[in-house]
Every structure is written in C-alpha cells, then in structure tokens.
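Work through the exercises below with the model open in your viewer. Try each task before reading its solution.

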Amino acid sequence: MVLTALILSGGLLAQTHNVTFQVDMTQYTGTFTTANVNGIFNGWCGGCNALADPDNDSIWTATIALPAGQTEFKFTVDGWTDQENFVGGEPCTVTNGGFTNRSLNITGDTILPVLCWNSCAACPGFTPSHNVTFQVDMTAYTGT
C-alpha cells in the first residue's frame with residue numbers, strides 16, 4: 001500500500017530537468033558537419049544528441065531532459081570523429097577512470113553558459129547578445 005502510494009506520487013520516479021547545452025565552435029580548427037554532446041546520460045553515444053546551429057552563428061545548442069544529479073559529458077563533432085581533450089584539473093572537469101570530462105550537477109532546469117570548444121570559459125571576443133527595448137514617456141514634454 002505504501003509502495004503504491006509512493007509510486008503514484010512520483011516518489012520513486014527519477015525527476016528530470018531540461019538542460020540546454022551550448023558550445024561555441026569559432027575556435028575549432030578542424031572541419032565538421034555536426035557538433036554533438038555525449039555523456040553518461042546517453043551512454044556516450046556519438047550521434048544520439050546532435051546539437052544545432054540554426055542561425056549559423058557557430059553557437060551549437062540542444063536541450064535535453066536529464067535526471068537530477070551529477071553527470072559527465074563532453075562535446076564531440078560528427079559523432080566521435082573528434083572530441084574535446086582536457087588535461088585534467090580544469091574547473092569544469094572531473095577525471096574518472098583515466099577519462100577527463102565536463103562535470104555538471106543537475107538540480108533544476110538549466111541553461112549552460114556558452115563555452116568555447118575544449119574550454120571552461122567563453123571564447124575570446126564572444127559577447128552575448130540580448131534584445132533591449134527602449135521606452136520614453138513623452139507625456140511631460142512641453143517643447144515643440
């Protein structure tokens with residue numbers, strides 16, 4: 001009875017959150033067709049989570065529903081044709097079993113910052129753009 005109540009209330013179901021991955025490929029020196037994100041969450045499957053760049057600004061993105069908790073991932077191109085290669089010790093990485101990957105603790109819906117390929121920081125010269133709306137109240141203006 002208690003087990004049934006827990007299952008029905010979602011107590012035993014893994015909670016998922018939407019995570020938006022973003023990678024700036026402007027500093028990537030090779031050629032590629034598609035950027036991918038691979039990780040524990042997809043069994044490191046090369047082509048399972050392709051990223052997209054619909055506005056051709058070299059920022060590749062994808063939003064994936066992932067379970068809460070710690071995960072590891074890295075960006076690759078064209079499946080596993082090429083991959084990020086961290087040396088270890090970078091602030092966004094963890095090394096387990098001889099592999100150094102990006103690390104993320106998922107606690108809610110998350111939009112990751114735009115990071116440069118193979119880096120824990122934004123690419124040099126990258127400036128995020130934002131829509132800005134300017135409004136002026138002219139009701140008190142008395143000039144002509």
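**Exercise 1. Aromatic pairs**

How many aromatic pairs does the count come to? Then classify the pair of F32 and W60 by its ring geometry.

Solution. 
- Step 1. Keep in mind that this is a predicted model. Ring centres must lie within 6.5 Å to pair. By this rule there are 6 aromatic pairs.
- Step 2. Take F32 and W60. Their ring centres are 5.5 Å apart, and their planes meet at 55 degrees. Planes under 30 degrees apart count as stacked and those over 60 as edge-to-face, with the rest tilted. The F32 and W60 pair is therefore tilted.
- Step 3. F32 sits in the loop between β1 (16-24) and β2 (35-39), while W60 belongs to strand β3 (residues 59-67). The pair thus ties together parts that are 28 residues apart in sequence.
- Step 4. Check cover. F32 is partly exposed, because its relative accessibility is 25%. W60 has a relative accessible area of 13%, so W60 is buried.
- Step 5. Look for a cluster. F21, F41, F73 and F75 are linked by ring pairs.

**Exercise 2. The nonpolar core**

Which residues have the most contacts inside the largest nonpolar core? Find the strands that supply this core.

Solution. 
- Step 1. Start from the expectation. Nonpolar side chains tend to be buried together in soluble globular proteins.
- Step 2. Size the core. The largest nonpolar core holds 19 residues, and F21, L51 and F75 have the most contacts inside it.
- Step 3. Assign strands. At least two residues of this core come from each of β1, β2, β3, β4 (69-77) and β7 (99-106). β3 gives the largest share, 4 residues.
- Step 4. Trace F21. Leave out residues up to four places away in sequence; F21 then touches residues including V37, L51, W60, I64, L66 and L112. The aromatic residues F41, F73 and F75 are also among the contacts of F21.

**Exercise 3. Positive phi**

Where is N56 placed? Compare its backbone and cover with those of S58.

Solution. 
- Step 1. Read phi. N56 is not a glycine, but its phi is positive, near 55 degrees. S58 is not a glycine either, and its phi is about 70 degrees.
- Step 2. Locate them. N56 lies in the loop between β2 and β3. S58 is in the loop between β2 and β3 too.
- Step 3. Compare cover. N56 has a relative accessible area of 66%, so N56 is exposed. S58 is partly exposed, because its relative accessibility is 25%.

**Exercise 4. Surface and whole chain**

Which residues make a nonpolar surface patch of about 360 Å²? Then summarise the chain.

Solution. 
- Step 1. Name the patch. V136, M138 and Y141 form it.
- Step 2. Examine V136. V136 is in the segment after β9 (115-116). V136 counts as exposed because its relative accessibility is 66%.
- Step 3. List the elements. The chain has 1 helix and 9 strands. Their order from the N terminus is α-β-β-β-β-β-β-β-β-β.
- Step 4. Of the 144 residues in the chain, 34% are buried.
- Step 5. Check contact range. Take the contacts with a separation of 6 or more: 69% join residues 24 or more positions apart.

Notes: Residues are numbered from 1 along each chain as its sequence is written. This is a predicted model: local features need pLDDT of at least 70, side-chain atom pairs count only at pLDDT 80 or more; totals for chains, interfaces and linings use all residues. Side-chain values use heavy atoms; hydrogens and water are left out. Patches are made of residues with over 30% relative accessible area and no salt bridge: like charges are joined within 9 Å, nonpolar side chains (Val, Leu, Ile, Met, Phe, Trp, Tyr) within 5 Å. Accessible areas come from the Shrake-Rupley method with a 1.4 Å probe; for residues, only the protein chains shown count as cover. A salt bridge is a side-chain nitrogen of Lys or Arg within 4 Å of a carboxyl oxygen of Asp or Glu. Buried means under 20% relative accessible area, exposed over 50%, partly exposed in between (1.4 Å probe, protein chains only). A nonpolar core is a set of buried Ala, Val, Leu, Ile, Met, Phe, Trp, Tyr and Cys residues joined through side-chain atoms within 4.5 Å. Contact means heavy atoms within 4.5 Å.
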